Amino acid sequence: SENLTATNSSLILVVDDEASGRYTLAETLRQKGHQVEEASNGQDALRLLECLSFDLMIVDMLMPAMSGVELMLRARLMRRDLALIVLTAHANVESAIAAVRADVTDYLTKPCKAEDLLLTVGRALEARANQLQNQRLLGMVGQAMSALHLQNAEANIAPAAPARVEGEDLLRIGVLTVDRQKRAVTLKTNPPRV
């Protein structure tokens, strides 16, 4: 699938106390080109999250010492943009509610077909990429607004973002063009988005 190809080489953390299931899942993901780290418990997973910048974490709900719910909540505090997928053999209403509270991307039950898992991983990584892109675009819009404000105030201070003023009405910042006369912001895509 095109979406899976676009998100290959993502860094994924698989957390499960069951070694054989963790290994099978990790190998399935590696065969699709993803980089995968494994953890057998929540503490090891948190240590890895401190050291590496993961795109996605797949976590079992029932593990000794630290539950999957506690791990997800602690991981969310460390990395707000981390995509989370629950993969559990013990699905119940309480764990589903806890997963929603931890802002998981998806909730799967074991056993899970490899195709279903890969589709879910692809969707989660695509959603994360879209979220990060939207955050970058919002940052650019904020920079454009700041630059416009500075221009309107006739300040002699250059904006922090590299902005190019083209004529009196056009301001370009990255992929954004701000037309002051039309009061429009255009995103340079194919086709342009206004």
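Hi everyone, this is a short walk through one protein model, from the overall picture down to a few residues. Please keep in mind that the model is predicted.

Let's start with the whole chain. The protein has six helices and nine strands. It contains 194 residues, and 38% of them count as buried. Its exposed surface comes to about 11400 Å², with 52% of that supplied by carbon and sulfur atoms. How far apart in sequence are the residues that touch? If we take contacts between residues at least 6 apart in sequence, 54% of them join residues at least 24 apart.

Now let's zoom in on a residue in a strand. Find L87 on your screen; it sits in strand β4. Is L87 buried or exposed? Its relative accessibility is 10%, and the cut-off for buried is under 20%, so L87 counts as buried. What surrounds it? Leaving out residues up to four places away in sequence, L87 touches L25, I58, V59, D60, M61, L108, T109, K110 and C112. Let me pick out C112 from that list. Along the sequence, L87 and C112 are 25 residues apart, yet their C-alpha atoms are 8.2 Å apart in space.

Next, a residue in a loop. R79 lies between α4, which covers 68-78, and β4, which covers 83-88. Is this arginine buried or exposed? With a relative accessible area of 12%, against a limit of 20%, R79 is buried, too. And where does its side chain go? It reaches the backbone oxygen of F54, at 2.6 Å.

Let's move on to charged pairs. As a general point, side chains of opposite charge can pair when their charged atoms come close. How many salt bridges does this model have? The count comes to eleven, and I'd like to show you three of them.

For the first, go to helix α2, residues 19-31, where you will find both E27 and R30. They are three residues apart, about one turn of the helix. Their side chains meet in a salt bridge, at 2.9 Å from N to O. E27 is partly exposed, at 25% relative accessible area, and R30 is partly exposed as well, at 30%.

Stay with R30 for a moment, as its side chain also meets that of E38 in a salt bridge, this time at 3.3 Å from N to O. E38 has 28% relative accessibility and counts as partly exposed. Which residues does the network here link? R22, E27, R30 and E38 are joined in a network of salt bridges.

To recap, we saw L87 buried in strand β4 and R79 buried in a loop.

Definitions and conventions: Residues numbered from 1 in each chain as written. Predicted model: local features only at pLDDT ≥ 70, side-chain atom pairs only at ≥ 80, totals over all residues. Heavy atoms only, no water. Helix = DSSP H or I, 4+ residues; strand = E, 2+ residues; numbered from the N terminus. Buried < 20%, exposed > 50% of the residue type's maximum accessible area, 1.4 Å probe, protein only. Polar contact = N/O pair within 3.5 Å; in protein donor to acceptor, adjacent residues only side chain to side chain. Contact = heavy atoms within 4.5 Å. Areas by Shrake-Rupley, 256 points an atom, 1.4 Å probe, with all protein chains shown as cover. Salt bridge = Lys/Arg side-chain N within 4 Å of Asp/Glu carboxyl O.
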